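Reader: I have a chain open on my screen and would like to talk through its fold with you. Could you take me through it step by step?

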Amino acid sequence: MDFFAHALYGATLCSRSGMAGSRQGGGGWQRDPTVWIAALMGIGPDIVSMGGAFTLFVLRGMPGHFFRDFGGVALTIYRCAHSLLFAALLCGLVRRIAPRYFTASLAWPLHILLDAPTHGAGRFQTTLFYPLSGWGLDAIRWWERPEVILGYWLLLPIIWALLSRWRAQRHLVGAATPSNPMTSNKSDMSGRPVRCSRSAD
Ligand SMILES: [Zn+2]
């Protein structure tokens with residue numbers, strides 16, 4: 001999965017404004033810090049492993065091919081950053097020092113789980129349990145499959161629409177709840193008046 005999609009999937013699934021906020025979340029996502037932290041954690045494994053190497057590559061005048069020549073220490077960091085073992089350590093640390101951002105930090109292992117079925121054997125294989133094991137799925141390579149890229153990008157607005165609709169239903173139900181004295185004289189979802197069970201006093 002590409003860099004931008006990782007950021008958006010992290011924010012969509014692991015922030016309070018996103019799926020992690022359940023039915024109660026939403027509203028003002030721009031001001032929700034968990035959106036930005038989840039997006040950052042969502043790209044964390046690639047930033048940590050490739051950010052420094054790519055900066056050096058640019059500073060040296062971009063000799064050769066960045067991905068073909070990617071190796072050495074940077075590749076070891078890539079394997080560590082894409083290991084569920086290191087992700088568990090990181091999320092455990094966040095839970096201890098900043099528990100309110102724990103759910104947002106889960107965007108890091110989410111990145112790994114999304115990479116695993118979209119990377120094949122070879123240099124960029126997702127070695128889920130590195131350094132204990134070098135095993136990883138020999139799956140499709142997303143960069144060779146435009147239909148896969150189209151699929152995961154189309155899925156995002158579908159998730160947003162479903163989430164928005166689910167939350168809108170909450171407001172409709174809330175407005176029609178008879179026990180709510182502020183709204184008890186309003187109509188229900190079908191348009192019929194809602195009977196108030198409280199005595200008027
Ligand atoms: Zn990655």
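This is a predicted model: local features need pLDDT of at least 70, side-chain atom pairs count only at pLDDT 80 or more; totals for chains, interfaces and linings use all residues.

Reader: Noted. How many helices and strands are there?

Author: The secondary structure comes to seven helices and zero strands, and read along the sequence the pattern is α-α-α-α-α-α-α. Of the 201 residues in the chain, 28% are buried.

Reader: Let's look at helix 6, then: how many of its residues are buried?

Author: Seven of its nine residues are buried, so helix 6 is largely enclosed by the rest of the structure. The buried ones are A107, W108, P109, L110, H111, L114 and D115.

Reader: And what covers them?

Author: The cover over the buried residues of helix 6 includes helix 1, helix 2, helix 4 (84–97) and helix 5 (102–105).

Reader: Take helix 1 from that list; how do helix 1 and helix 6 cross?

Author: The axes of helix 1, residues 3–14, and helix 6, residues 107–115, come within 9 Å and cross at roughly 125°, and the two helices are therefore oblique to each other. The crossing is right-handed. On the helix 1 side the contact involves H6, Y9, G10, L13 and C14, which meet A107, L110, H111 and L114 of helix 6. By class, the residues of this contact are six nonpolar, three polar and no charged.

Reader: Which residues touch the most other members of the largest nonpolar core?

Author: They are A38 and A107, in a core of 23 residues. The elements that give two or more residues to this core are helix 1, helix 2, helix 4 and helix 6. If residues up to four places away in sequence are left aside, A38 touches G10, A11, C14, S15, A104 and A107.

Reader: Switching topic, are helix 2 and helix 3 roughly parallel or roughly antiparallel?

Author: The axes of helix 2, residues 33–59, and helix 3, residues 72–81, come within 8 Å and cross at roughly 170°; an angle over 145 degrees counts as roughly antiparallel, and the pair is therefore described that way. In this contact P45, V48, S49 and A53 of helix 2 meet A74, I77, Y78 and A81 of helix 3, giving seven nonpolar, one polar and no charged residues.

Reader: What does G120 touch, leaving out residues up to four places away in sequence?

Author: G120 touches Q125, D138, A139, I140 and R141. The C-alpha atoms of G120 and D138 are separated by 4.3 Å, although these residues are 18 apart along the chain. G120 counts as partly exposed, because it has 17 C-beta neighbours inside 10 Å.

Reader: One last thing, what is the phi of S22, and what is that of M62?

Author: Neither is a glycine, yet S22 has a positive phi of about 50° and M62 a positive phi of about 55°. S22 is found in the loop between helix 1 and helix 2, and M62 lies in the loop between helix 2 and helix 3. S22 counts as partly exposed because it has 13 C-beta neighbours inside 10 Å, whereas M62, with 10, counts as exposed.

Key: Residues are numbered from 1 along each chain as its sequence is written. Axes are lines fitted to C-alpha atoms, for helices over the stretch in contact, and angles run from 0 to 180 degrees between N-to-C directions. Helices (H or I, at least four residues) and strands (E, at least two) are DSSP runs, numbered from the N terminus. Angles under 35 degrees count as roughly parallel, over 145 as roughly antiparallel, 65 to 115 as roughly perpendicular and the rest as oblique. A crossing is left-handed if the near helix is turned anticlockwise from the far one by less than a right angle, and right-handed if clockwise. Two residues are in contact if their C-beta atoms, placed from the backbone, lie within 7 Å. Ala, Val, Leu, Ile, Met, Phe, Trp, Tyr, Cys and Pro count as nonpolar, Asp, Glu, Lys and Arg as charged, and the others, Gly among them, as polar. A residue is buried if 20 or more other C-beta atoms lie within 10 Å of its own, exposed if 12 or fewer, and partly exposed in between; C-beta atoms are placed from the backbone. A nonpolar core is a set of buried Ala, Val, Leu, Ile, Met, Phe, Trp, Tyr and Cys residues joined through C-beta atoms within 7 Å.
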